[in-house]
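Open the model in your viewer and keep the selection panel at hand. The stops below run from the whole chain down to single residues.

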Amino acid sequence: MDPLRRSPSPCSSSSRPPSPRTPPPCEAQGYVGIEAVLDQVKIKAMKMGFEFNIMVVGQSGLGKSTMVNTLFRSKMWRSSLPSLGVPTLQTLQLQSMTHVIEEKGVRLKLTVTDTPGFGDQINNDKCWDPILGYIKEQYERYLQEEILITRQRHIPDTRVHCCIYFVPPTGHCLRPLDIEFLQRLCRMVNVVPVIARADSLTIEEREAFRLRIQKDLRTHCIEVYPQKCFDEDINDRLLNSKIRERIPFAVVGADREHLVNGRCVLGRKTKWGVIEVENMAHSPTSRT
Ligand SMILES: Nc1nc2c(ncn2[C@@H]2O[C@H](COP(=O)(O)OP(=O)(O)OP(=O)(O)O)[C@@H](O)[C@H]2O)c(=O)[nH]1
Ligand SMILES: [Mg+2]
């Protein structure tokens, strides 16, 4: 039902009939019912649902596929023999997986694109080409659909909205290869850098590493998410500056569940105990 019709306007004939001498109150206040647009937009958005596309990028073996499993708590990229404890297989080609998540009537079509790790060749020149090429191709595809005279009512959106970039936990600073890659990537897409396999660093090492990476990003003019253009008002600025302080987020991934104090938790079992990936005390970037 059209919400413009549904929400009774003070101007409608169902309300008190205006006297010929006094103008109706709504006209006096210039009311035209614009507030109902909110309802209309909401209803339309709920019908269409939302699309969000994430891509994980980084050197080989940093835990990209494992992190995808951690985030969605499922084996998206399965190892061939999970029951025998064989680790997640190396990703050899770009692969996308779509999940439709529904919460309180809001539908989100979430696509995660896992990419093969780079940086393990003798010559890593242009190792970014396949990834940047894929991102560009999705923009092209969308644009081609958009400029058609008879456009589809809903254009499938395969553009990458967010790219999670895995920084190796060297504890030093960004490597030249990461700088080169990030400089190219951040011109094309929103980049969220994360410190991979953060369990290999102590708390002090992690903080010092984070600060060094932040400095490197500034020095090399690498603008990661949230960029300055998102600071539209004071509230945005406050929120974004809090996020900027925490970037790059430190992450720990695991795709196995363990029993800890009677609870089933996602974690990495070590000789000394289980690192719970959803416990803020163990992993600073938990799912919640
Ligand atoms: N210590 C530690 N190991 C991790 C973490 N995340 C993943 N691993 C392990 O690292 C290994 C490689 O993980 P993958 O998820 O396959 O890494 P990847 O980045 O997808 O690797 P490629 O597909 O080769 O690019 C596996 O043995 C994982 O169990 C982590 O946060 N900490
Ligand atoms: Mg992988």
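This is a predicted model: local features need pLDDT of at least 70, side-chain atom pairs count only at pLDDT 80 or more; totals for chains, interfaces and linings use all residues.

**Whole chain**

Show everything as a cartoon. The chain has eight helices and nine strands. Colour by burial next: of the 288 residues, 22% are buried. Then look at contacts between residues at least 6 apart in sequence. Of these, 60% join residues at least 24 apart.

**The six-stranded sheet**

Select E1 to E6. They make an open sheet in the order E2-E3-E1-E4-E5-E6, and the pairing is mixed. Go to the edges, strand E2 (95-103) and strand E6 (249-250). Each has a single partner strand, so one side of each is left without a neighbour in the sheet.

Now step through some of the pairs. Start with E1 (residues 50-58) and E3 (residues 106-114), which are parallel and share seven bridges. Pick Phe 50 to find one of them: its bridge partner in E3 is Leu 108.

Turn to the E4 side of E1. E1 and E4 are also parallel, with five bridges. Here Gly 58 sits opposite Phe 166 in E4. Stay on Phe 166 and look across to E5, where its bridge partner is Val 194. That bridge belongs to the pairing of E4 (residues 162-167) with E5 (residues 191-195), which is parallel and has five bridges.

Which helix lies across E4, E5 and E6? Select residues 203-219. This is H7, and it runs at about 150° to E5.

**The ligand**

Centre on ligand 1. Its shell holds 19 residues, and the closest are Gly 63, Ser 65, Thr 66, Thr 91 and Gly 117. What is the make-up of this shell, by nonpolar, polar and charged residues? Eleven are polar, four are nonpolar and four are charged. Now highlight H4 (residues 64-72). This helix gives the largest share of the shell, three residues.

**An open helix**

Jump to H3 (residues 36-48). It has 13 residues and spans 19 Å from first C-alpha to last, close to the 18 Å expected at 1.5 Å a residue. Is H3 buried or in the open? None of its 13 residues is buried, so H3 lies largely in the open. Step just past its end to Gly 49, which has a positive phi of about 80°.

**The loops on either side of H8**

Select the loop between H7 and H8 (234-246). Pro 226 is in this loop. The peptide bond between Tyr 225 and Pro 226 is cis, with omega about -5°. Cys 221 is in the loop between H7 and H8 too. Its phi is near 50°, a positive value in a residue other than glycine. Cys 221 has 8 other C-beta atoms within 10 Å, so it is exposed.

Move on to the loop between H8 and E6, and find Pro 248 there. Another cis peptide bond joins Ile 247 to Pro 248, with omega about 0°.

**The three-stranded sheet**

Finish at E7, E8 and E9. They form an open sheet in the order E7-E8-E9, with antiparallel pairing. E7 and E9 are the edge strands, and each pairs on one side only. Look down the sheet: neighbouring strands are turned by 70° against each other on average, direction ignored.

Take E7 and E8 as a pair. They run antiparallel and are joined by four bridges. Glu 257 stands opposite Leu 266 in E8.

Between E7 (257-260) and E8 is a loop, and Asn 261 is in it. Its phi is positive, about 50°, although Asn 261 is not a glycine. Is Asn 261 buried or exposed? Count its C-beta neighbours inside 10 Å: there are 5, so Asn 261 counts as exposed.

End on Arg 268, whose bridge partner in E9 is Ile 275.

Technical notes
Residues are numbered from 1 along each chain as its sequence is written. Chains are lettered from A and ligands numbered from 1 in the order in which they are written. A residue is near a molecule or strand if its C-beta atom, placed from the backbone, lies within 6 Å of it. Helices (H or I, at least four residues) and strands (E, at least two) are DSSP runs, numbered from the N terminus. Ala, Val, Leu, Ile, Met, Phe, Trp, Tyr, Cys and Pro count as nonpolar, Asp, Glu, Lys and Arg as charged, and the others, Gly among them, as polar. Two strands pair if DSSP finds at least two bridges between them. Two residues are in contact if their C-beta atoms, placed from the backbone, lie within 7 Å. Axes are lines fitted to C-alpha atoms, for helices over the stretch in contact, and angles run from 0 to 180 degrees between N-to-C directions. The expected span of a helix is 1.5 Å times one less than its number of residues. A residue is buried if 20 or more other C-beta atoms lie within 10 Å of its own, exposed if 12 or fewer, and partly exposed in between; C-beta atoms are placed from the backbone.
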